[in-house]
Amino acid sequence: MKNIFFYEDKNFSHLFTSFLKSRLQTNHEIMSVVEKVIEDVKINKDEAVIRYTKKFDNIDLRRAGICIQPNEIEESIDKINLLDRKAIDLSIGRIIDFHKKQMPKNLNWKDDLGIELGWVWKPVDRVGVYVPGGKASYPSSAIMNIVPARVAGVDDIVLASPTPDGAFNPLTIYASKVMKISKIMRVGGAQAVAALAFGTETIEKVNKITGPGNQYVAEAKRQVFGPVGIDSVAGPSEVLLISDKTMPEKLAAIDLLAQAEHDQNAQAILITNDREYALKVENEIENFLKKLKRKEVAQHSWKNFGAIVIVSDFKKAIEVSNLIAPEHLQMCFVDAENYLSYIKNAGSIFLGFWSPEAMGDYITGSNHVLPTNGTAKFSSSLSVFDFMKRVAITKVNKAGFKKLGPAVVRLANSEGLQAHALSISERLKDLK
């Protein structure tokens, strides 16, 4: 394998850091294309959305309509297998339970001067959720984005998902209906993000946009940030598996490929303390690659961005993990839980043989919208907090004003803000 690294190499840090950076090159062509699409949608609104959707997804929205119609929703749901519905229902229920526990509490108190302070939490008014629907259609992404918004109290949610050649995933439609989404745009790409961010004749402007997408969607979210909020500029999916030979080679291989099959630019990395074991895992990966339906995607990901790191002990493995700050961190080695306190940076951690990352993608309850590209060093998974605002409340009494006011006057004058100082000093005159 070309991307195999040894921690004890004197050049390891430089070589491995360079390898990680190789996946993150800025594509100026995509930036330029997205900028033009956004400007076009801002000016021409529905007409631009219709034109780009015809060009990229081969569907005529003048005929079909920008949003999926109620009769289409019902017809689509009627075709769904009962067991598939039950799986969706189970997933939604568990993810709701998990996110309900995140709900913050309002707080208020009086300090020793009798000044009343506190804060209240309020949901964002209107949210746009993007769900991939082209080469890969993910009902689970609809669930993971809509649930925390609903739990947070967001009433108005619009879902945008591309429908190439007019086709859409019935399970995404079903999941959306269960979560009471009434407006589903059959639009994807940068044009969908622009429509949500700035509004059109058909789509009302939202306050925040969340959800994963391809490079064009990620870049569009980056460019509209400011006029609207976004969850993050997510990159391709990643997994870091730290394992020893107690983890069967076949399972280690398929857990790595579970990320590689997402996207050609996805990244799967194995860290282990046993070179012979690592080579066996690599051999199993080659065997599985011949069988996967998405083998071309997985093969490109593994060959270009996959890696194996050999360490002498697992404390060093954790050091490398903290450097990577992986989206998903699987820990499948003896006494893995004892190393949790050493982990500083990870989007989501999966402990032990029975906790493959795929469980978290669908059904355990935690959110699978996670920080990528090293951003776990400063950010977290999608949660109810992403759909809420904290509003501070202050009520000052006369005694507190008299006590604190002179300090405010001095501070305001020191900054040259005369009106600030007068706002306080004029009131102080009434207290003398």
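This is a predicted model: local features need pLDDT of at least 70, side-chain atom pairs count only at pLDDT 80 or more; totals for chains, interfaces and linings use all residues.
## Glu 327: buried, with no salt bridge

Start with Glu 327, which sits in the loop that links helix 14 (314-324) to strand 12 (328-332). Glu 327 is buried but has no salt bridge. Arg 23 is the nearest side chain of opposite charge, and it is 7.2 Å away; a salt bridge would need the charged atoms within 4 Å.

What the side chain of Glu 327 does have is polar partners. One is the side chain of Ser 237, at 3.1 Å. Another is the backbone nitrogen of Glu 238, reached at 2.7 Å. Leaving aside residues up to four places away in sequence, Glu 327 also touches others, among them Pro 236, Gly 347, His 368 and Leu 370.

Helix 8 covers residues 170-178, and its buried residues are Thr 172, Ile 173, Tyr 174, Ala 175 and Ser 176. Those buried residues pack against helix 5 (70-78), helix 6 (82-100) and helix 7 (139-152), plus strand 5 (156-160) and strand 6 (183-185).

At the N-terminal end, the cap is Asn 169: one of its side-chain oxygens lies 2.8 Å from the backbone nitrogen of Leu 171.

## Two positive phi angles

Just after helix 8 comes Lys 180, with a positive phi of about 60° even though it is not a glycine. Lys 180 belongs to the loop between helix 8 and strand 6, and its relative accessibility is 67%, so it counts as exposed.

Asn 58 is another non-glycine with a positive phi, here about 55°. Its loop runs between helix 3 (46-57) and helix 4 (61-64). Asn 58 counts as partly exposed because its relative accessibility is 47%.

How values were computed:
Residues are numbered from 1 along each chain as its sequence is written. Side-chain values use heavy atoms; hydrogens and water are left out. Helices (H or I, at least four residues) and strands (E, at least two) are DSSP runs, numbered from the N terminus. Buried means under 20% relative accessible area, exposed over 50%, partly exposed in between (1.4 Å probe, protein chains only). Lys and Arg count as positive and Asp and Glu as negative; His and the chain ends are not counted. A polar contact is a pair of N or O atoms within 3.5 Å; within protein, one must be able to donate a hydrogen and the other to accept it, and residues adjacent in sequence count only if both atoms are side-chain atoms. Contact means heavy atoms within 4.5 Å.
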